[in-house]
Amino acid sequence: MSTVTMQELELETAELLPARETLGVYCHRSSGPSSSVTQVGYGNVNQNGGGLLGNVAIANGSFNNILSLGSGNIL
Amino acid sequence: MTAVAGHVTAGRATPALPAADAPGPGQVPRLADGVELLGEYKGSGYAQPPSLVRRADGQVIQMSPLLYRVACRIDGSRDSEAIAGLVSGDLGRSLTADQVRYLITAKLLPLGVAAVGEAPAAAPKANPLLALRARGTLLSERAANAAGALLTPLFRAPVVVAVLVSVAAVDWWLFAVHGLGGGLRQVLRDPVDLLIVLGLSLVSAVFHECGHAAGCRYGGARPGKIGVGIYMVWPAFFTNVTDSYRLSRAGRLRTDLGGLYFNAVFMLALAGVYAATSSEVLLLVIAFTHLEMLEQLMPFVRFDGYFILSDLIGVPDLFARVAPIVKSALPRGRQDPRVTGLRRRARIMVTTWVLCVIPLLMFSIGYLVLYLPAVERALWRSASLQAHLMTAAVHGHHYAMAAVDAIGIALVTLSLAGSLYIVTGLARRLIALGRRWSAGRPARRLLAGAVGLAALAGLAAFWILQGQFRGW
């Protein structure tokens, strides 16, 4: 019978597996488009430059989406 | 990040435990309390399928076949000599008592699988990079199992076919015939409808998680709790289905796809309610759910798509393969058994995935680091604007709109905090890496410190030149 070598033993591996936690991330898209839609739709509630505020909100919503898109692909 | 015990590369000795903890010639090793031997990992992408062991604390450990055979022969009454004899018979090759002691000392003891005498077993836990944080429980393990058991009939084949065919019909009617204009107009007219959309999305999210639990139960495994946490910068629901590691590939895939399937069931239910009420906003929720489902299929973060891909390839932890794949590709890079042991097809798929993940990771983190002040400024402005609008809405007694703005503020604040958390976490890991690289070598430590300071100075200069601190 052949003998198991030390080199073979050194290659034996045991690995801690991460917990299987299926994730459901929600609302990060909603925080962008829906809030910008909200600002555009309801910007006239603020009678002082509601339209301008709405445009700023759309831009800010886009920044949030960029953050989501960029960092959404991180581990 | 998974810990690998006893993995050795050429020229580097495995660090063994101090002699005091090693089983002596007469000492009898035992399995740590509560350790369960789960058998072979089915549908593996490895040429020699690994086996699984679960500790009492729920930590699952994947180990190579020889190591598993040794663990199987540990019963608290056999010494190393007896174990060696039995394992030699199993293998058809000779294994000595000293070799068994080595395996126990260097591999099984450090992972808390085996114990010697009264000494408590070490119990390291996996700490994956950028894992879910700040966990809270929504449904306890018992409740999740009860919910899962109740919903398992939805996985019967005729039901699945009926659901999928019905959803396809609804989708065709919604997108090709009816359209979403009515729903959008309704939401813009009345902020209460936007709250309804958000609320139903939340219910859909919880039902999605119940789908994973039910899929896990249907396959014969036991789901853990369903909860909420923070994943990177977003609030996330999660279901602990660690026990599904023991299932066949088909069982694991059913667990993975269970969430998306339950999204389909939910959409069908909404379509039914629409048929009764003609509330267009429900159709908007169906459309958003499609987007959420598509997003879930992304395989580069720990969403459903990641686990689906992992189970299709037969490698349980893809992220743990990034470093070994990169190192093995370098000139004079060491060959890691976690890579060399893969079947050819699996190795190609994992390597392809790694080649996609690395640039995405570098782009995402690089973008975030380079534009951190600008991103935070934009988020702060967004939160301030929404706070301003919320105040105006409250003064105008438009409480539904104020509630929508409040939710927006909360989510933006979370993004703000989460992005800072990611960057500081990255900085901590880089510092730890530098410390490890320069441990005991003053010249290296000086170099690491100098490089770190230069990088910080360069970053600060970039931020200032870009005007990222202006306009807060």
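These are my notes on the aromatic rings in this structure.

**Entry 1: the model.** I am working with a predicted model. A pair of aromatic rings is described by the distance of the centres and the angle of the planes, so I noted both each time.

**Entry 2: how many pairs?** I looked up the count over all chains and found 15 aromatic pairs.

**Entry 3: F155(B) and Y218(B).** I started with this pair, whose ring centres are 5.8 Å apart. Their planes meet at 35°, so I wrote the pair down as tilted. Next I checked where the two residues lie. F155(B) is in the loop between α4 (141-151) and α5 (157-178) of chain B, while Y218(B) belongs to helix α7 (residues 191-219), so the pair ties together parts 63 residues apart in sequence. Are these two buried or exposed? F155(B) is buried, at 9% relative accessible area, whereas Y218(B) is partly exposed, at 36%.

**Entry 4: F207(B) and F266(B).** Here I found the centres 6.2 Å apart and the planes at 45°, so this pair is tilted. F207(B) sits in helix α7 of chain B and F266(B) in helix α8 (residues 249-277), so the pair links parts 59 residues apart in sequence. I also looked up F266(B), which is buried with a relative accessible area of 10%.

**Entry 5: charges over rings.** Which rings have a charged end over them? The charged end of R20(A) sits over the ring of Y245(B), 5.4 Å from its centre.

Conventions
Residues are numbered from 1 along each chain as its sequence is written. Chains are lettered from A and ligands numbered from 1 in the order in which they are written. This is a predicted model: local features need pLDDT of at least 70, side-chain atom pairs count only at pLDDT 80 or more; totals for chains, interfaces and linings use all residues. Side-chain values use heavy atoms; hydrogens and water are left out. Rings of Phe, Tyr and Trp (its six-membered ring) pair if their centres lie within 6.5 Å; planes under 30 degrees apart count as stacked, over 60 as edge-to-face and the rest as tilted. Helices (H or I, at least four residues) and strands (E, at least two) are DSSP runs, numbered from the N terminus. Buried means under 20% relative accessible area, exposed over 50%, partly exposed in between (1.4 Å probe, protein chains only). A charge sits over a ring if NZ of Lys or CZ of Arg is within 6 Å of the ring centre and within 35 degrees of the ring normal.
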